Each structure stands twice: as C-alpha cells, then as structure tokens.
There are 2 protein chains.
Amino acid sequence: MREFELIRTLTGRLPAGRSDTRLGTGDDAAVVAPPAGHELVVTTDTLVAGRHFPGDAPAADIGYKAMAVNLSDVAAMGAAPAWATVALTAPALQTDWCEALQSGMLQAIGDAPVDIIGGDTTSGPLSVTVTAFGLLPCGSAVRRSGARPGDRICITGTLGDAALGLQLWQQGVVPDNDTAAQWLRARLHRPQWRDGTAMQGLAHAAIDISDGLASDLTHVLEASGCGARIEADRLPSSTAFDTLCPPDQRHALQLAGGDDYELCIVLPPAHVEPLAAALSCPLTSIGAIRAGAELQIIDAGGRALAARDYRGWDHFAGGN
Amino acid sequence: MREFELIRTLTGRLPAGRSDTRLGTGDDAAVVAPPAGHELVVTTDTLVAGRHFPGDAPAADIGYKAMAVNLSDVAAMGAAPAWATVALTAPALQTDWCEALQSGMLQAIGDAPVDIIGGDTTSGPLSVTVTAFGLLPCGSAVRRSGARPGDRICITGTLGDAALGLQLWQQGVVPDNDTAAQWLRARLHRPQWRDGTAMQGLAHAAIDISDGLASDLTHVLEASGCGARIEADRLPSSTAFDTLCPPDQRHALQLAGGDDYELCIVLPPAHVEPLAAALSCPLTSIGAIRAGAELQIIDAGGRALAARDYRGWDHFAGGN
C-alpha cells in the first residue's frame, strides 16, 4: 500500500469536521484557525511496541491508547481537545490494520470535537506518535506550578486499576474471562481520559496520572515549590479493584501504578464542591498542599509510608 | 538518564523564546498564543533509522534533517515557522548524543524564530518525529490545489544534488574528500529549507520537493485538476552537480531524486519577477500549467520523456 493511500485510510473517513479546521490531510501541512482570545495547548507522546504495549496488541487498542494518553495531557491543562496528528511507523502497512488503528483512535476521541488533521506513515519498528492540540481562553491554562499551601488535592475516578489489570494478566492467577479482571484490563488498554475544561477558573494546578500518583504529584510539588500530605487509605478505588487486589499490594498499586490517566487536581477548599458538581466523574479529596518540599503519605492509622518507594515505577522497562 | 532530564537536554537550553510562547516544556502540554488574524499550519514527519538515514549517522545530522524536512513543509504552505515538538525514540538515551541531536535541530532552525516547545523520549528503535507549526494571515495558505492553466512552474535553488550525493557515496567512485562530492552529500544530510512567506499573495500553489520533482509536481496537478509541461533541460543544477553527474543520469536524478527540499511554486506569469525579487535564493521557471491531466516532460530537443519513469523513487526502501 502506498503511503498516500495509507494516510487517507488513517485520516480520510472521519466524522464531519470542526468549522475551524481550514485544511486537513492531503497537503504539505494542515491549517487550523484557533478562535480569537484563545491559546493553543500542544502535547506529543509516542507509544512503542514492547514498551507501552505488547507487539501483538490489537491495532484498535494501540490506536485508542495512543490517542487517549495525548488527549489526557490536553485535559490536564484544562483545555478542550480540538485537533490531533498521527505519525505511524509499522513494519507492514496493511489496510485492515490501519483501519483498526483509526477506529481505536476514533473510539478514544468519542464525542469530543477532535479532528485528525495530519499524518505520516513510515515503514519500520512499530510505534505511534500522536500530537494533540487543545484550546483554552487566554491565560486560563492549569499548570503544574500553581499549587499553594492550604489547597486540597483531589483525584478523578479511581486509582490502581490499570496496574492491577496488568499484574493479574501477567500472573495469570485470575481467569481471563473474570468480569472484574476484564474490566481492570480494559482500564489498562483503553483508559478513559477526563474532560478537564471544568477546571478553568477553579483549579490552581493539575497533572494527569500516567506514571503513578506519587511520581506525578511530586512533579506538581517540585514545580510549585510546595509539600503535601496525602492519606493512602482515602485513595478512590473501583469495585473490581477492591475485589481482586491483594491487601498487601493496595498501596503500591494505587500510589505507584501508572496508566490510570485520572486527573490529580489541586484547588482551594471552597472550589472542591463546584468542581465536583461540574465534572461527570467522581472527585475524591485525598489530602492537602503544605509548606515545605516533602510529600508525606500516611495510612489510616496515621503511620507514614515512604514516598520514595512509590516513585518512578515503569511497567515494561523497570525504570525510565 | 531519566526521561525528564533528557527532555530538558533536548529542549532546555534554547535561545530566548518567542513572546507568544506562553509555556514550553515541563508541564503536561505547551501553551502558545497564535496572534489574532492568523491561522496555524501543522505538519508532522518521522525519520526512521535505516530508512531515512543510516543507523550510525551523526546525531547532529539526524536532528538537522528531522527539523529541516518539517520546516520545509511549513514553508511550502507559505507560512512562517514558529514552533516545533520533538518525539525521540532511541535504544540508549545518552546526554552527549541528545545534545548533538539538539544542536543539529538548532542549526536547521538557524535564524528563524522557532521555539521547541515540547518533547517526549522513549527507549526503542531509533526514530525522530518532529511536529512543526507555522503562522500565516487568515486565508493566505498556499495549497497544492490552486494551480490554473497558464500559470508558470518555478523551482527554488537547484535539483538533483541530494540524489547524486547519495549515489556517489554509495558507489564510492569519487573520493570522500572531493569538495564537490562533500557539498552534494551535505545537501543530502543537511538540506536547506526555503523561506516560503514571500509566496503569500503571489503563488497559486506550492509543494516542497521531498519525493522528487515528477512525483511532487504530480501531487499538485492531481489536487488542482490540471496538467503541465516542463522542460527537463531547464531544471536548475549546481556547479557540483554539473561537475560530477554522469550525463546519462542527469534527467533521472533531477526529475526523480528526492530529498532536495526545494520549493516547486506555481504562479501567474506576472508574479514570477516579484517573487524572484523577494526570495533570497534563485528561482527558475521550468514550465507551465496546462489544461488536461498529463504531465509532459520534454528535453532540449523537444522530445517527450516518460513521466511515469520518474515517479515514486525511494532512496532507502526501493519504493513506498
């Protein structure tokens, strides 16, 4: 299959586009028209076979995840996702595989008004790089650096699902057709990115949880020059997680497990209720920002856990 | 080296940034503020080891080319390049190698006001994906589809240099230290992208020549619903090319050789002189757009060459 046809396959049969997409694929570059008074948010992430997904993973899962992790980064800035480009490298470029990849990307986009405006395909070892773009009113980006002592730390959805899903799958201790195990594995392969636009004007700082809560929250604390205290036993968990998680691994999976793509949001106490009301998913308060530089993690008995034990975990490579 | 440090190495020590770059690397996403009345041009291209460059190529050459080919796509729309993101996949992420990659990218950027605003690094088989962004006044994009019968077809710079540089290098028939051969090889590894902003308001259509003139001009003709007639012996050539090119390969290298990254510009005859005066490189008229759908290529004796023989050439892979 020639490259030009392949790019059409990847990007050609999409839902009706945005009115501010002036030109999609098929030229030297795409053209978009960000509305007046808005800033553009830009992020890029590569998924590589054998590192971020198994080499024989279904194309639709690869496409889903490559798109979702980038839309999650856009959401973590408080922006509304608007456009994406896709650069695909694959050993053999086959139509049905590319169609499945594209369908996974469209599933990750869901109802969001996101146009795939550009693509590149190359033959080589399998990897997918998505660059995603979002829009937000000028000056309203929710950065990592805005946390202040006294702010609450909140988490959307539930934590630990993807890490437990991976662990059960690798260990094979729970049947593949176990409903809870299937749900957890879907959280790993098809993470639900959150709409972050409700954070505009309410949140001081945010990050999406890709590397694990302890690691990602540390990025916020370093950027903000603050410390924090969080309660490990208040971390939100799913029913499937509660059912299948070995009790002694609960803290590790929820604090260090990556790939959940929930949002960690820092905001004044008075803004927690309004934000929770505006979100379409649960929001759980897990602790507070403090002066200093330390991340304190305590359990239900008030005992301190060692935060450093929960940082820098990496599923496929055993480190960064 | 940890990913966070590496991204800082790739993007951290850059020249003073643009005033409309609100936030660079270090957060979930970058934030930029396109000026009012402007559209944003977006393009992405991946270079893969063994396909677009030898696996042991100098990191600075890889960085240079990855950036240059994307800035060339931005230029081919008539836009002024403004920002770029870099997604690097490499087996071993070493500081000095990444610094060399970055220095090559900065050399490709040169004096252009381009900020590298985002990055991602992953361990895996070597490839570099750059996404580049340009700005142009609303509605002024120079597309492939605007060619009209009667328009002139012009080429910036010279054609065939990169293809001849590669051929000589692969054949080893000319000493590596031959000045002309070195110059030709530099055209392959370090192509000079052209500033396309002068095309705004003057050109009807444009494309950058990455796959070869016959192939790329065919894209313009297909998008515009036109034919063309060009004169193979009027294609501009460099002194080094004239010195080292075997006479019987001249047409093939100039018509089918890719990687020159010159601009093929289609414009009304009355606009050729004003555009030539505005460009900082030579502009050569090589033919005209005609009605129909055929690309006619004739030599100095008026004999027709077979256009299909010069399309779809690929340096590293022998096809798309």
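**Strands, domains and contacts**

Analyst: Let's start with strand β12 (residues 295–298) of chain A, which has a covered face made by A:Leu295 and A:Ile297. A:Gln296 and A:Ile298 make up its uncovered face. Keep in mind that this is a predicted model.

User: Which strand does β9 of chain A join by four bridges?
Analyst: That is β12(A). Strand β9 covers residues 227–231 of chain A, and the two run parallel. One pair to look at is A:Ala228, whose bridge partner in β12(A) is A:Leu295. A:Leu295 belongs to the covered face.

User: And how does β12(A) pair with β13?
Analyst: In the antiparallel sense, over two bridges. Strand β13 of chain A is residues 304–305. There, A:Leu305 stands opposite A:Ile297.

User: How many residues sit between β12(A) and β13(A)?
Analyst: Five, and the two strands form a hairpin. In the turn, A:Gly302 has a positive phi of about 85°.

User: Let's zoom out. What are the domains of chain A?
Analyst: Domain 1 is 3–137 and domain 2 is 144–310. Taken over C-alpha atoms, their centres are 26 Å apart.

User: How many residues does each domain of chain A bring to the contact?
Analyst: Domain 1 of chain A brings 16 residues, and domain 2 of chain A brings 17. On the domain 1 side, α2 (59–76) and β6 (127–137) of chain A each supply at least two.

User: Which element gives the most on that domain 1 side?
Analyst: α2(A), with ten residues. By class, the domain 1 side that touches domain 2 of chain A has eleven nonpolar, two polar and three charged residues.

User: New topic. How many residues of each chain are in the contact between A and B?
Analyst: There are 48 from chain B and 48 from chain A. Several elements of chain B give two or more residues to its side, among them β1 (21–23), β3 (38–48), β4 (80–90) and α2 (59–76). β3(B) gives the most, with nine residues.

User: What kinds of residues are on the side of chain B that touches chain A?
Analyst: They divide into 22 nonpolar, 13 polar and 13 charged.

User: Which strand of chain A is joined to β3(B)?
Analyst: Strand β2 (residues 30–32) of chain A. Three bridges join them, and they run antiparallel. For instance, A:Val31 has B:Val41 in β3(B) as its bridge partner.

User: What is the strand order in the seven-strand sheet of chain B?
Analyst: The order is β8-β10-β7-β11-β9-β12-β13, in an open sheet with mixed pairing. β8 and β13 (304–305) of chain B are the edge strands, and each pairs on one side only.

User: What does β8(B) pair with?
Analyst: Strand β10 (residues 263–267) of chain B. Four bridges join the two, running antiparallel. Look for B:Ala206, whose bridge partner in β10(B) is B:Ile265.

User: Last one, helices. At what angle do α2(B) and α3 of chain B pack?
Analyst: About 40°, with their axes 6 Å apart. Helix α3 is residues 95–109 of chain B. The crossing is right-handed.

User: Which residues meet there?
Analyst: From α2(B), they include B:Ala60, B:Tyr64, B:Met67 and B:Leu71. From α3(B), they include B:Trp97, B:Leu101, B:Met105 and B:Ile109. By class, this helix contact has 13 nonpolar, five polar and one charged residues.

Conventions. Residues numbered from 1 in each chain as written. Chains lettered and ligands numbered in written order. Predicted model: local features only at pLDDT ≥ 70, side-chain atom pairs only at ≥ 80, totals over all residues. Contact = placed C-beta atoms within 7 Å. Nonpolar A, V, L, I, M, F, W, Y, C, P; charged D, E, K, R; others polar. Pairing = 2+ DSSP bridges. Axes fitted to C-alpha atoms, helices over the stretch in contact; angles between N-to-C directions. Left-handed = near helix turned anticlockwise from the far one by under 90°. Domains from an automatic or database assignment. Buried ≥ 20, exposed ≤ 12 C-beta atoms within 10 Å, placed from the backbone.
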